[in-house]
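Let's take a walk through the packing of this protein, from the inside out. Have the viewer open and follow along.

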Amino acid sequence: MFTPERVVQPELLDEHDAPRADMERSLRDLQRINLYFGGIVIYQRLLRRVREVRSVVDVGAGTADNVSLLASPLRVALDFKIDHLLYLRDSRALRVVGDAAQLPFRTASVDVITSAHFFHHFTPQENVEILTDARRVCRKAVIVNDTRRHYVPLLVVRLLAVLRLVGRITRFDAPASVLRGYTVEEVRDIAQRVPASRFDVVKIWPFRFGLILWK
C-alpha cells in the first residue's frame, strides 16, 4: 500500500558532464540531507555493532563525510568519481578512486566495508556481486544502509524540490533515488544470494534499512 513500484532512472549527479556548480550544490544538498535526516547517526549506530574496528572502507563515499568522522585509525573513502572525493577535501580519510564491484584491496585486508545511500544505484544482481566482493575484502562485516522505497520519503523529497530548498540536480535525483530504492524484503532476498552469507536486515527510522553481512 505504501510502497511504489521500483523505477530505474539515471541520476544526474552520476553523469560525467554535470556542470561543476550544479555538482557542488548537489553535494552540499546531500551533506545537509545526511545531517538533518539522520544519515550520519545511522551510519555510526550500525558500525557500533562490530567490535574493535580499526580499519574501514566506505564504498560510494562521495565527499567522505561519514567515514571521516570515525575514530578508526585507518579510514578510506572509495568512489568512482574523483571530483566528488576532492570536493571540500580534508585529511581525515584516504581517498581512492575505484570500482565497487572489484575493490582494489587484498582479501581480508580491512575490518569493515561500509556504504550509505549507495545500494539503490544497482540492480539486485549487481548488488549481489558488490556484496560478494566486499565480503571478500572484509575481516569482520559489510554494513550497508539506504533509504527504503516508500511514499513518505518520496513525498518529503518532492516537497523539498517544490519549495526549491535543494539544487537542480537534487530536485531530480532525490525522488529518483527513492524510487530506485529497495524494501526490506527485497534487501533480504538479495543478501540470501550472497555466497556463504550470515546477515541481519533491520528497519531504521526514518525510512531506512540496515544490512550487515557477517564474516
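Predicted model: local features only at pLDDT ≥ 70, side-chain atom pairs only at ≥ 80, totals over all residues.

F119 sits in the loop between strand 4 and helix 5, while Y182 belongs to the loop between helix 7 (168–179) and helix 8, so the pair ties together parts that are 63 residues apart in sequence. Bring in F209 and you have a cluster: ring pairs link F119, Y182 and F209.

Leaving aside residues up to four places away in sequence, F119 touches N127, L131, V144, D146, Y182, V187, I190, F209 and L211.

In soluble globular proteins, nonpolar side chains tend to be buried together. Here, the largest nonpolar core has 30 residues, and F119 is among those with the most contacts inside it, along with I113, L131 and L211. Where do the residues of this core come from? At least two each are supplied by strand 1 (55–59), strand 2 (74–79), strand 4 (110–116), helix 5 (124–137), strand 5 (138–147), helix 8 (184–192) and strand 7 (208–214). Helix 5 gives the most, with 5 residues. There is also a second, separate core of 21 residues, and V50, L85, V112 and A141 are included in it.

Back to the rings for a moment. The count of aromatic pairs comes to 4. One of them joins F118 and F122: their centres are 4.9 Å apart and their planes are at 70°, so this pair is edge-to-face, the cut-off for that being over 60 degrees. Are F118 and F122 buried or exposed? F118 has 14% relative accessibility and so counts as buried. F122 is buried too, with a relative accessible area of 18%, as the limit is under 20%.

Finally, head out to the surface. L35, Y36, F37, V152 and V156 form a nonpolar patch there, and together they have about 480 Å² of accessible area. Helix 1 (20–36) and helix 6 (151–162) each supply at least two residues of the patch, and L35 is found in helix 1.

Methods: Residues numbered from 1 in each chain as written. Heavy atoms only, no water. Core = buried A, V, L, I, M, F, W, Y, C linked by side-chain atoms within 4.5 Å. Buried < 20%, exposed > 50% of the residue type's maximum accessible area, 1.4 Å probe, protein only. Helix = DSSP H or I, 4+ residues; strand = E, 2+ residues; numbered from the N terminus. Contact = heavy atoms within 4.5 Å. Phe/Tyr/Trp six-rings, centres within 6.5 Å; stacked < 30°, edge-to-face > 60°. Patch = residues over 30% accessible without salt bridge, like charges linked within 9 Å, V, L, I, M, F, W, Y side chains within 5 Å. Areas by Shrake-Rupley, 256 points an atom, 1.4 Å probe, with all protein chains shown as cover. Salt bridge = Lys/Arg side-chain N within 4 Å of Asp/Glu carboxyl O.
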